[in-house]
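Hi,

Here is the structure I promised to hand over. My notes follow below it.

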Amino acid sequence: MEYKIISGNVVEIRRTYMNVRAGSPQKKPRGQRIAGNTSARKIRANEMEAVKSLARILNANLERGWLWVTAKYDDEHLPADYAALEENGGKFTRVLRAAFRREHGRNPRYVMVNANWSPERDAPARLHHHFVIEACSLDMLAGLWKWGTISVEEIDGREDHTALAVYMVKNVHGLERGKNKWSTSRGNLLKPIYTEPEEVSGGAEDIAVLPTARQTAFERLDDECGRAISSYVRCILPVRPKVRGGRIIIPRPPKRGGRRNT
């Protein structure tokens, strides 16, 4: 079976074996034990799934002009622990929403992490916040953060923000199992679109990227005999695709040459 996940211009394709029964959910059958299926392996797999989930949110929403914001604390206001950091993050987003509504008449779109870890040093970091937010006043942001320093960078125009998702996820460490490492604005972010699983010919190893797309990632899971039981590719289309009736409509590549209107 094969299904796709569409987030902006990014399309993920997953091909795997599933049980197909009328009226029942689609489930992958229990297969042979996978070599190296340890707790450490599961932790890494869970983190990669967290990265993919966050990347889908970012890819579906971010565009040129969004901002990458880092809010740091001075010594006087540094939170005592992670619980206090989360509480402060909640207070700040409430203040931010109110200020944004005054300027734009609606709530802002944003994604935020309460950071306690340094990916570069792989060690605890001084508590701080990172968030991406749609274009807004830099003076407003600076005026709202009164507990230290704030820095702002503009998001570039790339379509796939998986690298940013990796960085954000790796800035959070040691949360209880099942707890999200990020928070988002409510009700105003675009969501990724999942197509229905469809039966396809060939095996899991026969997965292919979409026409006109550029591949950016590939994963394959084999059983102990070296046979592919699951495969995954991520690719970028030159134009944001449309989804109609649960099916992806692949944009036609732009025409080259031709007569120019004058």
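Ring pairs join Tyr73, Phe92, Phe131, Trp145 and Trp147 into a cluster. Rings of Phe, Tyr and Trp (its six-membered ring) pair if their centres lie within 6.5 Å; planes under 30 degrees apart count as stacked, over 60 as edge-to-face and the rest as tilted. The structure holds six aromatic pairs. One of them is Phe92 with Trp145, edge-to-face, at 5.2 Å centre to centre and 85 degrees between the planes. This pair links distant parts of the chain: Phe92 is in helix α2, and Trp145 is in the loop between α3 (138-144) and β6, 53 residues apart. Helices (H or I, at least four residues) and strands (E, at least two) are DSSP runs, numbered from the N terminus. Both Phe92 and Trp145 are buried. Buried means under 20% relative accessible area, exposed over 50%, and partly exposed in between (1.4 Å probe, protein chains only).

Phe92 also pairs edge-to-face with Trp147, at 6.4 Å centre to centre and 85 degrees between the planes. Trp147 lies in the loop between α3 and β6 and Phe92 in helix α2, so this pair ties together parts 55 residues apart in sequence. Are the two partners buried or partly exposed? Phe92 is buried, with a relative accessible area of 1%. Trp147 is partly exposed, at 30%.

Before the rest, a word on the source. This is a predicted model: local features need pLDDT of at least 70, side-chain atom pairs count only at pLDDT 80 or more, and totals for chains, interfaces and linings use all residues. Residues are numbered from 1 along each chain as its sequence is written, and side-chain values use heavy atoms, with hydrogens and water left out.

Now the sheet. Five strands form an open sheet with antiparallel pairing, in the order β6-β3-β5-β4-β7. Two strands pair if DSSP finds at least two bridges between them. The edges are β6 (148-154) and β7 (183-184); each has a single partner strand, so one side of each is left without a neighbour in the sheet. β3 (residues 67-73) pairs with β6 in the antiparallel sense over seven bridges. Val69 has Val152 in β6 as its bridge partner. Helix α2 (residues 82-104) packs on the sheet and touches β3, β4 and β5. Contact means heavy atoms within 4.5 Å. The direction of α2 makes about 155 degrees with that of β4. Axes are lines fitted to C-alpha atoms, for helices over the stretch in contact, and angles run from 0 to 180 degrees between N-to-C directions.

Two loop residues deserve a look. Most residues other than glycine have a negative phi. Asp122 has a positive phi of about 50 degrees although it is not a glycine. Asp122 lies in the loop between β4 (110-118) and β5 (123-133), and is exposed at 59% relative accessible area. Thr212, also not a glycine, has a positive phi of about 75 degrees. The loop between β8 (193-194) and β9 (214-222) holds Thr212, which is partly exposed at 38%.

Finally, the chain overall. It has four helices and twelve strands. Of its 262 residues, 40% count as buried. Among contacts between residues at least 6 apart in sequence, 72% join residues at least 24 apart.

Best wishes
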